[in-house]
Amino acid sequence: MAQVEFCFPCWPGGPVTSPPCLRCGSRSLYYTSGLCERCHPAAVPPPDSCRNCLAWGATRNRGWLCKGCASWCRKHSAAAACRACRHHSVLDPDEICRLCRKQTSQVPATNRRTDWEQVCRTGQQLFLADLFSSRGRGPSILAPARRRPIVPQPPRPVPFVQPALLEVTRTVRSRGYKGLAGRADPELAAWTDQFTCQRAARHGWSRDTVWRVRTGVNILLGFQTVPGAGIAATDVSVLAEARLPVALVTGVLEDAGLLQDDRIPAAIAWTEQRITHLPPAMTIEIRAWLRIMREGRTTRPRRRPRTDTTIRLHLYWALPALTQWAAEGKTSLREITPQDVLAALPPSGTPRACAGKGLRSLFHVLKTSRLVFTNPIGQIPTGTAPSKIPMPLSLQHIQDALTSPDEATALLTALLAFHGLTAHQVQHLKITDFHDSHLTLDGRRVLLAEPVLDRVAAYLEHRRRHWPTTQNPYLFIHFRNAHTTAHVGNRWVNQRLGRDLTPRKLRDDRLLNEAHAGGGDAKHLMELFGLSTRAAQRYTTTLEHPDLRTRQPNIPAPAPQAYPAAPATAVLPAPEADRP
């Protein structure tokens, strides 16, 4: 009130209930001078419901009417109770209010009824104000008289992006390519088209692939509320519904600086699934260990990042003990004592060594990060897992893979069986590594065997015939990475070799055969295959093993094999008769 220093809630001895508004009688939102915020001319009242159709978001600028009701009230003036919903508002000549009209407009035309009471019997669906617009109207729909040329503009930094009011799952199933792609900013879309075409020329994409990638990029640009804003990687996945190349579109957006990677790494998602049953304090400590293992640490004590495979193995080995402690009522790893560790460890053997390795990694990281007071497993011996003795493979499986009609399978088997390459080396082989019947591998120059050269030539012809325009520098490619510069993965290599053969088994078979053929010469193995001393001794120590002796005195010399002749450096697998 005038000449009063206190508002009603802060009144001395109060709070005091504010009086009703002198104009509308409202007992809420009191402002000053006897008027509420809705009635005082200097106040800025918050949005409220439309007084005609009850849509939320009406303001005082239009007399508390939404845009649609403002136009409705100019056309119609009769105010009475609607014969369908009995709400008192402005009615049309059929004595129907605008809310009932909008309610029936949401019903498909084939199912729409003329009985308004039957349509509105189940209730009214309220909506937000000013969200309905007439199609085909407005200056944004009509083509301008003079259309200025579109100049490609690269993405500009966006200082602020309006947060979304409602989180809506995007979909492209019920919309056409043309309508979705046409929503993109013209200048930014022109620039991304040029960028995509340049990338396509570098990687040798076909015309169909270029069109599909450009369409997918333009659809995602139409999702932007502000031109140049980042596009979430989770939104790119909706292109799979339209059978558009998600991986290629993601690569284009990432290189163009338009991708906002919000994907959860596989190691984090896997860890979160495994620790849901643990107490909250224990899960916080495991997440801290996971972060340090993945990102490393640059301050003392420094630590290098570990691979996702190492992280999964360590946590997988430690989970049985963590589950047991949680069942016993332990809420944090700070409560764990050496006696608890001894009770949770397996008695002996490989399970004890693996569990100890996982728990040692967990407590060591937490202790150096000062998240636990002591390392309860620090003084407990858990032993080491015994090394496996390399075993030879069946010669029939190797011969079947070498003579496979699939060129990639035959070449993979030949490289592994004749020259003992690792899976990592096979995946990263490039075409330029082969020159003049030699293979350049980790600084070594390896003379290729004659069967390997034949299979290399057959595979290169197969590659040229299926992907003539590919620019992938790696030797092995398939239909997914032929349009990129990425190498194949472990899964593809294992699928090509089949269930009976793996890269590790083929390499062990080759090195084991060389060790027995060379009389256990470790230096020869180190120079031929690039092994360390310890790795070479793993194969040379099997010479006296009773199941791996090269030949018994009472067994005659084996017949020669049917393998093609090979260079001296490429020692062929041992005959089947030499293997017990």
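**Aromatic pairs and a ring cluster**

Modeller: Happy to! Phe476 and Trp492 are both buried, where buried means under 20% relative accessible area with a 1.4 Å probe and protein chains only. This is a predicted model, in which local features need pLDDT of at least 70, side-chain atom pairs count only at pLDDT 80 or more, and totals for chains, interfaces and linings use all residues. Residues are numbered from 1 along each chain as its sequence is written, and side-chain values use heavy atoms, leaving out hydrogens and water.

Colleague: How many aromatic pairs does a search of the whole structure find?

Modeller: Rings of Phe, Tyr and Trp (its six-membered ring) pair if their centres lie within 6.5 Å; planes under 30 degrees apart are stacked, over 60 edge-to-face, and the rest tilted. Searching the whole structure on that basis, the number of aromatic pairs is 4.

Colleague: Which class does the pair of Tyr459 and Phe476 belong to?

Modeller: The two ring centres are 5.3 Å apart. Because the planes of Tyr459 and Phe476 stand at 50 degrees, the pair is tilted.

Colleague: What is the relative accessible area of Tyr459?

Modeller: Tyr459 counts as buried. Its relative accessible area is 1%.

Colleague: What angle do the planes of Phe476 and Trp492 make?

Modeller: The centres of these two rings, Phe476 and Trp492, are 5.8 Å apart. The pair is tilted because its planes are at 50 degrees.

Colleague: Which residues do ring pairs link into a cluster?

Modeller: Phe476 pairs with Tyr459, and Phe476 also pairs with Trp492. The cluster linked by ring pairs is therefore Tyr459, Phe476 and Trp492.

Terms used. Buried < 20%, exposed > 50% of the residue type's maximum accessible area, 1.4 Å probe, protein only.
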